[in-house]
Amino acid sequence: MKIPISRQLFLGAALVFFLAPTLGALVQETLPPAPPAAAAKPEVPPPGAVVETSPPEAELAKPAEQRAIAAPAKPAEEKTSAPAKPVKKPRYTGSHGFVINPGRRGGDQIRVMNDNTVGEKTTVSGKVVTVMGDTVIDGIVERDVVSVMGDITINGTVHGKIAAVMGDVTLGPKARVDGDVITKLGELHRDDGAVIGGRVVQLGDNENFNFVIPAMGSLWDHGLSLGRPIGFGHGMGWVWMLSVLTLVLYVIFALVFPEGVRRCGDMLVKRPALTVLTSILALLALPVLFVLLCVTIIGIPVALIFLPIGSVLAILFGRAAIYALVGRALSRDRLHPALAVVLGALIFLAMYLVPLVGLLLSLLVAWLGFGCVVTALIVSDKKPAPPLAPPMSATAPRAPLSEPPPLGGVPTPPMESMGFAATPAPVAATPLTPGPVASPMVSATGVPRAGFWIRVGALFIDGVIIAVCFGPWAGPAVLPILALYGALMWKFRGTTVGGIVCGLQVVRLDDRPLDWATAIVRALACFLSLVVIGLGFVWVAFDDEKQSWHDKIAGTTVVRPLKRRSLV
């Protein structure tokens, strides 16, 4: 089965940005068994030992098999008579970059986002790994040379294999490679004088990554190549074990910080637009913050240690909050956040197994979870304090004054006998002129709200109408046309044709009539609900108020009034 080019590009981008650092840091040696003639390599003398000086030092570093097939020895006058020096420790040359392993463990030379160079007189006893940078080998490398998103140029000796992912391999006239030369998404340029002891393997787009890490190859074969973050197959046990461990971590988050998990999840319901905007801005701000911290010198430990760890913890905590939110919605908020996390995680795990949708959903949950945590940190939920006492009403009726007692027991003469009227004459009410009677409005309270499937049916009818009327001419503009159609119908009729058929009506939460601003904002917010794989529309099924994201942004809802409206 041939995978479409768009899917290949997407999977390649996801693999590079999310697996390239792991691919470079955990690279394993998978050399083929050496032939018997090359099994015995010259022993490396300990530091300070004196060795024979008959062959040159470069010849001692070569395997016996290569010395046998190498070019004829140099003339006698070119040999040096100086005594052989002790074998030097690996020396790292090249420009300064992000060094993961500076040679303290196994002598590996690993650089990220920078070039990796081994000089002509340099010997590296471990691997040479480069991520997002070029590799130049003019000296000797005892083990493998691996590059991800970078070119490899060899004009020295490599006793292991060479593997390049998304980069070219160039072998000069002095290149000597004992193992295989493997390229993926790149080309091999070989000089006639270059010697390769192993095989030359050029993997296609659908080949696995077993040549770098066998475990990653299983994940690629059974998961990522199918567009899902997890799957079933040989070698996938470590992926499921890692998933179980992360689920245990989510449950621990919910047990230790139940209110924090609940509050982060509620941010996606109460403030969906702000949460999505915060997610976008936070994702854009992370590399800028990393560079600023590195520039200040004193912030380098924060940029290299605390910022990545904090970002990973925020993503994990946000995923736990989203899982708990779904579990609470399904159980009507009757479960503890820890149990809700387990229920929501099982539901998402089933969706992660769906090809292509699973990988997109996994990335979306991580992105929105990170935004939920950042939004919860910057938004305050403090409510204003109630007033100390209710204000006095200026129109409150006053208590009637009681009549004072008579003086000396003599009754006071009535007011009529003194020529005053006892009570004021009633004033005739002026009749009001009847004005135009407003059309009855449907209130958002006391009317049943529309559910998810009835709204999907109305949207389907509207989509068919737009496709029939504008299909041959609309093309990519079908979505803007549908949004314009919705805004006009909501303003003038309070619903669309599909809503009339299904008995639906769009109303405002404050019971005011729909104006142009509300209709336009609701139409534009529909794009926000659609861009995250339609999650804003699906939100109606989980929300207690039966509101979508564009309803929450515009302050509207969809109800099912008892009296249906007509089109005319």
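Mentor: Here is a walk through the patch and the rings and charges that go with it. Keep in mind that this is a predicted model, where local features need pLDDT of at least 70, side-chain atom pairs count only at pLDDT 80 or more, and totals for chains, interfaces and linings use all residues. Residues are numbered from 1 along each chain as its sequence is written, and side-chain values use heavy atoms, with hydrogens and water left out.

The nonpolar patch on the surface includes Leu488, Phe492, Trp516 and Leu524, and its members together have about 910 Å² of accessible area (Shrake-Rupley method, 1.4 Å probe, only the protein chains shown counting as cover). Patch residues have over 30% relative accessible area and no salt bridge, and nonpolar side chains are joined within 5 Å; a salt bridge is a side-chain nitrogen of Lys or Arg within 4 Å of a carboxyl oxygen of Asp or Glu.

Helix 12 (478–493) and helix 14 (516–531) each give the patch at least two residues; helices are DSSP runs of H or I, at least four residues, numbered from the N terminus. Leucine 524 belongs to helix 14. With a relative accessible area of 56%, leucine 524 is exposed (that's over 50%; buried is under 20%, partly exposed in between, 1.4 Å probe, protein chains only).

Now for the charges. Lysine 491 lies over the face of phenylalanine 492, 5.5 Å from the ring centre, and arginine 522 has its charged end over the ring of tryptophan 490, 4.4 Å from the centre. That takes NZ of Lys or CZ of Arg within 6 Å of the ring centre and within 35 degrees of the ring normal.

Terms used
Patches are made of residues with over 30% relative accessible area and no salt bridge: like charges are joined within 9 Å, nonpolar side chains (Val, Leu, Ile, Met, Phe, Trp, Tyr) within 5 Å.
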